[in-house]
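Here is a friendly walk through the structure shown below. Keep the 3D view open and follow along, one region at a time.

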Amino acid sequence: MSTKWVYTFEEGKAEMRDLLGGKGANLAEMTNIGLPVPPGFTITTEACVTYLNAGETFPSGMWEEVVENMKALGKKMGRTFGDSQNPLLVSVRSGAKFSMPGMMDTILNLGLNDEAVETLAGEAGERFAWDSYRRLVQMFGKVVLDIDGLKFEHLIDQIKNAEGVKTDAEISVDGWKKMTAQFKDLIRKETDSEFPQDAWEQLEYAVAAVFKSWNGAPARNYRKATGIPDDLGTGVNIVTMVFGNVGEDSGTGVAFTRNPATGERLLYGEYLFNAQGEDVVSGARTPLQVGELKDKAPEIYQKMVENSAILEQHYRDMQDMEFTVEHGKLYMLQTRNGKRTAAAAVKIAVDMVNEGLISKEEAVARIDSFQIDQLLHPRFDPAALAGSVVLTKGLNASPGAAVGVVYFDADIAEAQTQKGEDVILVRPETTPDDVHGMLAAKGVLTQRGGATSHAAVVARQLGKPCVAGCEDISLDLENKQFSVDDMVVKEGDVLSLDGGTGRVYLGRIPTVAPSFDDQSDLQQILAWADDIRRLQVWANADDPEQATRARNYGAQGIGLCRTEHMFLGDRTEKFQAAILAERQGLHDEFLNVLDKVLLPLQRDDFHGIFRAMDGLPVIIRLLDPPLHEFLPSLEDLAAEVAAMQARGESNADTELLLETVRDMHEFNPMLGLRGCRLGITLPALNTMQVRAIFEAACDAAKEGIVVHPEVMIPLTSHVNEMKKIQPLLEEVAKNVMDEKGITIEYKFGTMIEIPRAALTAGEIAEVAQFFSFGTNDLTQMTYGISRDDAERKFLLRYADKEDLNILPNNPFQAIDQIGVGRLMKIAVTEGRATRPELEVGICGEHGGEPSSIDFCHRIGLNYVSCSPYRVPIARLAAAHAVLREKGLIS
């Protein structure tokens, strides 16, 4: 059976989007529900794919079907395509499955030529005929022959200047005639060929141009940015012309069934009398608001209201419609689900549930994670952003908009913030020493680092906008400036950062800061999502403020409290004192600093977190990083001592510190003395932390707070490590409960971040009562790469479809489900085979990424844990995972 390449609008329907494209399917659907649609037909997306795969050759039999359908269309309209005495005129429009900016623009009035224009002039007047003809020549030259559209506009401006008029509508008939001739001369000059007079040749050119536009750079770039597959192809819609430019009883417009900016339920859009479609969007004339038609053309307005209601009820979504009025008769040229702002999306979804139009599940399915992100992070005023020039672009590491004065030092950034100044911290990369500056800053810009670099991770945790890995800036810390090409940005200059796009702007752009508490529609969507999802959503939080924020955003527990973050800032020196005492063999002094200085600080921190999370579980990870990360860098100390010696000076303390740091130096600290290895070789650190946890928990419990502490031992690779350290820590817990005279429920577990731990999870579950996947390190160790080095050197190119195209995505942004995911499946299956009630979650950065959350749902995890600011996104994504199983989301 031969392939059918062409479908009339009567043969199609909305469900045929894959084959007919969105525009063709909706034209067919409107036709079949009785709305006034000009007759026409659609060439399928399959024809496009076949054409491109065959070296830009039409599929066998396709053109014959086009000719047959065009003749049938002419018969229906009482006209003949290609007959200059009784011409059938059509428009040619592209239409892929998904609406895609970058596809080919519409061509109107196809079928006109030097003879047919005279016939049209006799029927409807010279002005209308020559206006229509010049539009065809102009569109054909620009869209089909790829001539710069500005060259046509330049000729139009010359005619207007010669005639002393300001708008296209004022140009005389003679002006249009001259312009048409000039347009044809331009085509001859640019292409060394004539504008085709044969209507069938025009059509063949136009169809081929639509097919080719699928592989044009704009379309490819849009698909890459939005994840649309490259193999779908586009349909070609050939539609009988209806004319909005035949007089003041005609016109054209674009309308939405609801306001796409706010979601308000009213007919919204623009309309122009005596105009064709492109006039509305070109800006050449000022259009009317659609609402003004209520007074100026009440019959048309009422019909649009009726058609809008029909379409919205039929499609059960807000519609974006194009329409034309010809001599008072309304024609519908297109409908599609309308693009809308994030705020409008949630309002429309909630309102449609309340109106009984859609279900709660459908409402949740219609909101995506990017929209949630937009609603919860400060964002730039769109109007101001449109006129701003991009200075440079880096990795969109942490979303949100930030504006501030540039400073290159964390101490200065903090000091300036205390003086009331908004600050942008610019660093080569950030380290724990910069945390106070990051806390103070409105946003962070780094020259190096990837999506899971220190800057990115901490910025997301803090809800700070961050642009990382901006390697085309040349940073000069000595002179406190950086440059991009010839542009120099100095300390004291103002920058605006868009962490959602990675763009950096010079100067101040106004921002809009939304409030979660004020967004009732968003909270309603998330409440419905909570009713749907199985997977719990916890949060990563290191202090009471973050825990409170997480709970406000809907977190059901703390999945990761990183105790090392409690030793940063003004506490770093206290912890350094403990480290130096231990390294110098001053054991009593070491224990004294732990018990008298650090334990009370940690106990207070934990108590605040338990209070904030009253009734919910809190997982606290014992100290994970190697100790030398809390000391000055070896390079800085060596340089300082060398400088002192060069001056003939000495400082015993500095030299002793250098000796200690040199002794503790590791060539690969990620695989060195850290995590449980540190706890086993220096147990006093872990016992101090466990005592602080349980003293805080018992005190809180006595105050009536319901506590559920879970202690996580990091970096386990062998069950014997757990058997060595866990009994010691459990003994501390029991001793504290005995001392306090109260018993609380608790768990001890481990972080699965080493492949061997995943492969031997059955053994480890003999001791551990819960698992938490640390997918950042698990990914590094599975791939055998350093995330920061890899992202800076090659990984982004690996994941770029337009470059090396080795990986489907960056495995540090979305879980590698085949490799890392297989390890996770093994750990879940074998861990629960040993301990059926084993609690399993994820606390890596992947815990807030939608596709990773879907995977965690499918392999049976209990929860995902993410930054507080991503909790709403995770709540939605966990619901989407259930809806995807039900087939409500593709």
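## Salt bridges

A search through the whole structure turns up 48 salt bridges. Please keep in mind that this is a predicted model.

Start with Asp131 and Arg135, whose side chains meet in a salt bridge at 3.1 Å from N to O. Both sit in helix α5 (residues 126-144), and because they are four residues apart, about one helical turn separates them. Asp131 is buried, and Arg135 is buried too. In helix α21 (residues 544-552), Arg549 and Glu545 are likewise four residues apart, which means about one helical turn lies between them. The closest N and O atoms of this salt bridge are 3.3 Å apart. Is Glu545 buried or exposed? With a relative accessible area of 55%, over the 50% cut-off, Glu545 is exposed.

## A link between two helices

Next, look at Arg603 and Glu695, a salt bridge in which the closest N and O atoms are 2.6 Å apart. Arg603 belongs to helix α23 and Glu695 to helix α27 (residues 683-702), so this pair ties together parts that lie 92 residues apart in sequence. Arg603 has 24% relative accessibility and counts as partly exposed, whereas Glu695, at 9%, counts as buried.

There is also a network: Glu564, Arg621, Asp624, Arg674 and Asp777 are joined into one by salt bridges that share partners.

## The barrel

Now turn to the strands. Eight of them form a closed barrel with parallel pairing, in the order β24-β25-β26-β27-β28-β29-β30-β31. On average, neighbouring strands of this sheet are turned by 25 degrees against each other, direction ignored.

Helix α23 (residues 587-612) lies across β25 (558-562), β26 (617-621) and β27, and runs at about 155 degrees to β26.

Which residues have the most contacts inside the largest nonpolar core? They are Phe610, Phe694, Phe773, Met824 and Leu861, in a core of 136 residues. Helix α27 supplies the largest share of this core, 11 residues.

Leaving out neighbours within four places in sequence, Met824 is in contact with Phe773, Thr775, Leu778, Ile815, Ile842, Phe855, Cys856, Ile859 and Leu861. Another core, of 66 residues, lies apart from the largest one and has Val6, Phe152, Ile238 and Val246 among its members.

## Helix α13

Helix α13 (residues 342-354) has 13 residues, and at 1.5 Å a residue they should span 18 Å; the end C-alpha atoms are 19 Å apart, which agrees. How much of α13 is buried? The count is 10 of its 13 residues, so α13 is largely enclosed by the rest of the structure.

The buried residues are Ala342, Ala344, Ala345, Val346, Ile348, Ala349, Val350, Asp351, Met352 and Val353. They pack against α12 (298-315), α14 (360-366), α15 (369-376) and α20 (520-532). Just after α13 comes Gly356, with a positive phi of about 80 degrees.

## Helix α3

Helix α3 (residues 62-77) passes the length check as well: its 16 residues should span 22 Å at 1.5 Å a residue, and the end C-alpha atoms are 23 Å apart, which agrees. Buried residues in α3 are Met62, Trp63, Glu65, Val66, Val67, Asn69, Met70, Leu73 and Gly74.

What covers these buried residues? The cover includes β1 (6-8), β2 (40-43), α2 (45-53), β3 (90-96), α8 (199-213) and β5 (234-240). After α3 comes Gly78, whose phi is positive, near 75 degrees.

## A buried aspartate

Finally, visit Asp320 in strand β9 (residues 319-326). Its relative accessible area is 7%, under the 20% cut-off, so Asp320 is buried. Residues up to four places away in sequence aside, Asp320 touches Val254, Ala255, Phe256, Gln334, Thr335, Arg336 and Gly338.

Terms used: Residues numbered from 1 in each chain as written. Predicted model: local features only at pLDDT ≥ 70, side-chain atom pairs only at ≥ 80, totals over all residues. Heavy atoms only, no water. Pairing = 2+ DSSP bridges. Axes fitted to C-alpha atoms, helices over the stretch in contact; angles between N-to-C directions. Contact = heavy atoms within 4.5 Å. Expected span 1.5 Å × (residues − 1). Buried < 20%, exposed > 50% of the residue type's maximum accessible area, 1.4 Å probe, protein only. Salt bridge = Lys/Arg side-chain N within 4 Å of Asp/Glu carboxyl O. Core = buried A, V, L, I, M, F, W, Y, C linked by side-chain atoms within 4.5 Å.
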